[in-house]
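Morning, everyone. Please have the sequence and the model up on your screens.

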Amino acid sequence: MQTNLAVADMQPGLEFKGYYLISAASVRTTTSGKAYLSANLSDATGSVEAKQWDYTGSFDETKNGTVVQVQGRVTEFKGSSQVNIDRMRFANDNDAGLYQIEDLVPSAPIDADLEMQDIRYLVSTIADADYRRLCEVMLQRHADTFQSIPAAKSMHHSFLHGLLMHTSNMLHLADYLSGQYSEVINRSLLLTGTLLHDFAKEKEFTFSKLGLVTDYSIKGQLLGHLVMGAQEAAQVCTELGISEQKSILLQHLLLSHHGVPEYGACVLPSCAEAELLSYIDMIDSRMEIYAEQYATLPEGKVSQRIPALEKRIYHHTLHEEPAAEPMIE
């Protein structure tokens, strides 16, 4: 039996005992009427579905996102690894020193302080004084949560500092593409919309004590971050005396940045900046999904269907082949 087996190393047939984060846990019933616990177990290397059959306890959903000690076996279900839990308990003070939080909580591969400095610099280059001031005020109000929270519950950048990483990547794309298409793009509007597009995710989600997303809040389910983001942007524009036209344009970017209603957009993008922002958001989110899938998918293999991409993907070798030596006659 292995101790603290990393999720990324879980292969069918292995038995283990260790500490993991539990999420998406709920008590369900089989077709025969027996109760079982369905959950996800995760550490810094990934996440795996888990089941505890013939479950006789209850599960308080507020415990999602906390540390548990699990003893179990790795099995295979529909081509993917799954954990059958034999025993599980919540970690307590007596477990201190038996696990490290940094081994359990996935975090963005960035220096968060440097990324924030970089974003503040890009904000300082926004030519429109109204939009620049709006960005500065919003950063002041949201700096701590913006720097720390994940960008999603599970689809992409669902790790600590994920929103910061996602937004920083998007801002650099927006900066470049605003120059590439300067004849139709207002750079100030595009960068402002890009910075603010996901700020309301701090209200859309609920978070564990360790900072990971555990669920959607009531406001998140009934309104969503697009609507709440547009509402706050409008409010701050009013407080700062920014014109209605600028406020409406910015709100439009926030309400349409998911591109189409099927992906959650409230309205279709109807100006060049809104269209471009929706593509930039899709590019970065989908490339992160590929990166996360490639991390566990062996080279030369095709994945199972990935719901977020609505298809299977192929992991080709990423290593450049050396150039052939020229023939000497």
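**Salt bridges and buried residues**

Start at arginine 141, which counts as partly exposed, at 45% relative accessibility. Keep in mind that this is a predicted model.

Which residue does arginine 141 meet in a salt bridge? The partner is glutamate 239, with N to O at 2.6 Å. Arginine 141 sits in helix α3, residues 129–148, and glutamate 239 in helix α8, residues 224–240, so this pair ties together parts that are 98 residues apart in sequence. Glutamate 239 is partly exposed too, with a relative accessible area of 44%.

How many salt bridges does a search of the whole structure find? The count is 10. Some of them form a network: Asp128, Asp130 and Lys246 are linked that way.

Next, the strands. Aspartate 86 and arginine 73 form a salt bridge, and their closest N and O atoms are 3.3 Å apart. This pair links distant parts of the chain: aspartate 86 is in strand β6, arginine 73 in strand β5, residues 67–77, and 13 residues separate them. Is aspartate 86 buried or partly exposed? Its relative accessibility is 38%, so it counts as partly exposed. Arginine 73 is partly exposed as well, with a relative accessible area of 32%.

One more pair. Lysine 51 and glutamate 49 meet through their side chains in a salt bridge, at 3.8 Å, N to O. Here the two partners part ways. Lysine 51 is buried, with a relative accessible area of 11%. Glutamate 49 is partly exposed, at 42%.

Now a residue that touches several of these. Glutamine 82 is in strand β6, residues 80–90. What does glutamine 82 contact, leaving aside neighbours within four places in sequence? The list is Val48, Glu49, Lys51, Arg73, Val74, Thr75 and Phe77. So we meet Glu49, Lys51 and Arg73 again, because glutamine 82 is in contact with them, and glutamine 82 is buried, with a relative accessible area of 7%.

Last stop, leucine 5. Look in the loop between β1, residues 2–3, and β2, residues 15–29. Leucine 5 is buried, with a relative accessible area of 5%. Not counting residues up to four places away in sequence, leucine 5 touches Met10, Leu14, Phe16, Tyr20 and Asp43. For scale, take methionine 116, which is 111 residues from leucine 5 along the chain. The C-alpha atoms of the two are separated by 34 Å.

That's the tour. Over to you for discussion.

Key
Residues are numbered from 1 along each chain as its sequence is written. This is a predicted model: local features need pLDDT of at least 70, side-chain atom pairs count only at pLDDT 80 or more; totals for chains, interfaces and linings use all residues. Side-chain values use heavy atoms; hydrogens and water are left out. Helices (H or I, at least four residues) and strands (E, at least two) are DSSP runs, numbered from the N terminus. Buried means under 20% relative accessible area, exposed over 50%, partly exposed in between (1.4 Å probe, protein chains only). Contact means heavy atoms within 4.5 Å. A salt bridge is a side-chain nitrogen of Lys or Arg within 4 Å of a carboxyl oxygen of Asp or Glu.
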